[in-house]
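Work through the exercises below with the sequence and the 3D structure at hand. Try each task before reading its solution.

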Amino acid sequence: MVSLRWLRVVTFAGSLSAVVALAQPPGPPAARSPRAAAQVDLTGNWVAQITEDWRWRMITPPKGDYASVPLNPLGRQVADGWDPAADAAAGEACRAFGAGGIMRLPTRLKIAWADENTLRLETDLGNQVRTLHFDRAVRADTVPSWQGHSVAEWLGVPPPANPFGGLVAPSQEAGAARAGRPAAGPPGGGAARAEPGPTRGSLKVVTTNLRPGYLRKNGVPYSERAVVTEYFDRFAMFGNDYLQVVTAIADPTYLTTPFVVSNQFKREPDDSKWNPTPCATDAPRGTFQPPAF
């Protein structure tokens, strides 16, 4: 039979262990996967909105038309020597469909999570697949490719400023705006305490390890030394969801400064219009003659 004294000692030891355990500082919270920590949902079906630079994006411009691209003399020389037939014969028909140019073309996108650490971005034009790695430990392939090696990260930004200062909590703002008045304070009077709003954010993607490709389908080049930096943002307007991708392409071989463009895509309800087509080169349309002023 267990003595009462021994039972008291055991009970005291157990209580002391519980107190020590409670006194220990909590460990760091478990890290969330990039998918769980996503600050904006980019998944779904999207179609390009060609609202600018129509002549360079919807059709293949004439050879020599590289207006607005900051080419150096070597870049202009390469662009002036564009030969789509030679590209096709050499198995280089995808030069305009690499990561440096594909987002500028009139394509559709499918974006989905391949796993907890990887976003998969498909284009129906050129039938290309881009893999965006949040895990920096993933090494680039030894052989450069059209879509290269892409490293992604979420960029958080502060929530929009509260126009009512500390008087209205963000959760009350919508109702106050609809009623045309400041939201009521807490029961008993006094000012409502504003709680921090949710974090917004965008996706940054840096792509390297590229095969030489084209910024435009008429042979405006980027080299294997190019670095493509993109910022993906989502916004709503007039009842539609839009995806904006701002792209900066730096290339010490052919460009004097980064080539920066902004591309917009509109969300589609499904993939019923998805129409994958292979890479294709277009015949040159003569030599571009700049207008005389």
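Helices (H or I, at least four residues) and strands (E, at least two) are DSSP runs, numbered from the N terminus. The model is predicted, so local features need pLDDT of at least 70 and side-chain atom pairs count only at pLDDT 80 or more, while totals for chains, interfaces and linings use all residues. Residues are numbered from 1 along each chain as its sequence is written, and side-chain values use heavy atoms, with hydrogens and water left out.

**Exercise 1. The chain as a whole**

State how many helices and strands the chain has, what share of its residues is buried, and what share of its contacts joins residues 24 or more positions apart.

Step 1. The secondary structure consists of five helices and 13 strands.

Step 2. Buried means under 20% relative accessible area, exposed over 50%, and partly exposed in between (1.4 Å probe, protein chains only). Of the 293 residues in the chain, 35% are buried.

Step 3. A contact means heavy atoms within 4.5 Å. Among the contacts with a separation of 6 or more, 66% are between residues 24 or more positions apart.

**Exercise 2. Positive phi**

In which loops are D53 and N209 found, and what is phi for D53 and for N209?

Step 1. D53 is in the loop between β1 (44-49) and α2 (54-57). Its phi is near 55 degrees, a positive value in a residue other than glycine. D53 is partly exposed, because its relative accessible area is 31%.

Step 2. N209 is in the loop between β7 (200-208) and β8 (213-216). N209 is not a glycine, yet its phi is positive, at about 60 degrees.

**Exercise 3. Aromatic rings and charges**

Find the aromatic cluster, and say which ring lies under the charged end of R211 and which under R216.

Step 1. Rings of Phe, Tyr and Trp (its six-membered ring) pair if their centres lie within 6.5 Å. The structure holds three aromatic pairs.

Step 2. One aromatic cluster is formed by W113, F134 and W154.

Step 3. A charge sits over a ring if NZ of Lys or CZ of Arg is within 6 Å of the ring centre and within 35 degrees of the ring normal. The charged end of R211 sits over W146, 3.8 Å from the centre of the ring. R216 lies over the face of W56, at 3.8 Å from the ring centre.

**Exercise 4. Cavities and a pocket**

Step 1. On a 1 Å grid over the protein atoms alone, a cavity is a set of points where a 1.4 Å probe fits but cannot get out, and a pocket is an open set with protein on both sides within 12 Å along at least five of seven lines; lining residues have an atom within 4 Å of a point. Grid points are joined across faces, edges and corners, and a volume is the space filled by probe spheres set on the points.

Step 2. The whole structure has four cavities of 30 Å³ or more.

Step 3. Of its 15 lining residues, H133, D141, S145, G148 and H149 lie nearest the centre. β5 (128-133) and β6 (149-157) each supply at least two residues of the lining; β5 gives the most, with four.

Methods: Phe/Tyr/Trp six-rings, centres within 6.5 Å; stacked < 30°, edge-to-face > 60°.
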